[in-house]
Amino acid sequence: MERRKWEDLPEDCLVNVFRRVGMETLLLDVPFVCKSWYKATLNPLCWERLDFYDIMFVPKDDCFYRFYDVDGVRMVHKLMDEYGIKEFSAGSMIRFLVNRSNGKCTVLNLPADGCKEEVFKFVIDKCPALRCLSFSCDLFKTDYLPIIQELIEKCKYLEFLTILDFKVSNLKEIVVKIGLNCKNLWGFAAPFACIGEEEAAAIVTTLPHISYLILKHSRIDRKYLVEILHGCKRLFHLDVSNCSGFKIDDKLLKLASHIHTFKYEGVID
């Protein structure tokens, strides 16, 4: 019986396999195996997940970037060699892969370094089907609240949103916008935020059915944490580790007893 070759597999089967591998493999390995594999990597379904979070773009001489993966292994030289790239920038890389996804991207983690405000706006316009999004407020030059509110209006199918590095206390407005526009949202992460009376009330009133809430490294008084515990009855995962403003005691643990995972390591009173 003649054995079938991998390169002879139907394209839809190849796409089903390649969509499960990471960006590095899709960029630097799979396309160079054979023509049929290269053709399959052009299918937008292969680029549903774009994860730049563990990739650090480090500026060099204002026009070149070095490209590292999470283990610190240099990738840019191989990338530039394989694709004949003379000048490499984070923005062009992100635009290139977002365009390749052709609106099919559902998971997008943007890097804290190298992604500029205009790139962020481009990405949001090109990814209407986003389900999970993570970005840092450090990428904005100006007041980021209007930009984030516009993002939330466009990404109506969001299920999990992570906003890193809050600089000012405007969490209330963002949470209210999420409650109005993102009806499928079940997870929200806002580390380094400041949770006061208005923020806690907004979480309870507009996100009462949220199941994953990550507020680590934030400032939150005990009474506002208690309000969240009372108001969000469907919480499955709550992370307040390394927060300040309250002390963990038996009463607080009893209030959180309905939560499957309650993380509070490193809390500072």
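A residue counts as buried when its relative accessible area is under 20%. The model described here is predicted.

**Helix 7**

Helix 7 spans residues 145-154, and its buried residues are Leu 145, Ile 147, Ile 148, Leu 151 and Ile 152. Viewed along the axis of helix 7, these buried residues lie within an arc of 160°, so they line one face of the helix.

**Aromatic rings**

Across the whole structure, 7 aromatic pairs are found. One of them joins Phe 160 and Trp 186: the ring centres are 5.3 Å apart and the planes stand at 80°, so this pair is edge-to-face. The accessibility of the two partners is listed below.

| Residue | Relative accessible area | Class |
|---|---|---|
| Phe 160 | 14% | buried |
| Trp 186 | 32% | partly exposed |

Phe 160 and Trp 186 are also members of a cluster linked by ring pairs, together with Tyr 212 and Phe 236.

**A charge over a ring**

Another ring, that of Phe 122, has the charged end of Arg 95 sitting over it. The distance from that charged end to the centre of the Phe 122 ring is 4.7 Å.

Technical notes. Residues numbered from 1 in each chain as written. Predicted model: local features only at pLDDT ≥ 70, side-chain atom pairs only at ≥ 80, totals over all residues. Heavy atoms only, no water. Buried < 20%, exposed > 50% of the residue type's maximum accessible area, 1.4 Å probe, protein only. Helix = DSSP H or I, 4+ residues; strand = E, 2+ residues; numbered from the N terminus. Arc of directions from axis to C-beta. Phe/Tyr/Trp six-rings, centres within 6.5 Å; stacked < 30°, edge-to-face > 60°. Lys NZ or Arg CZ within 6 Å of the ring centre and 35° of its normal.
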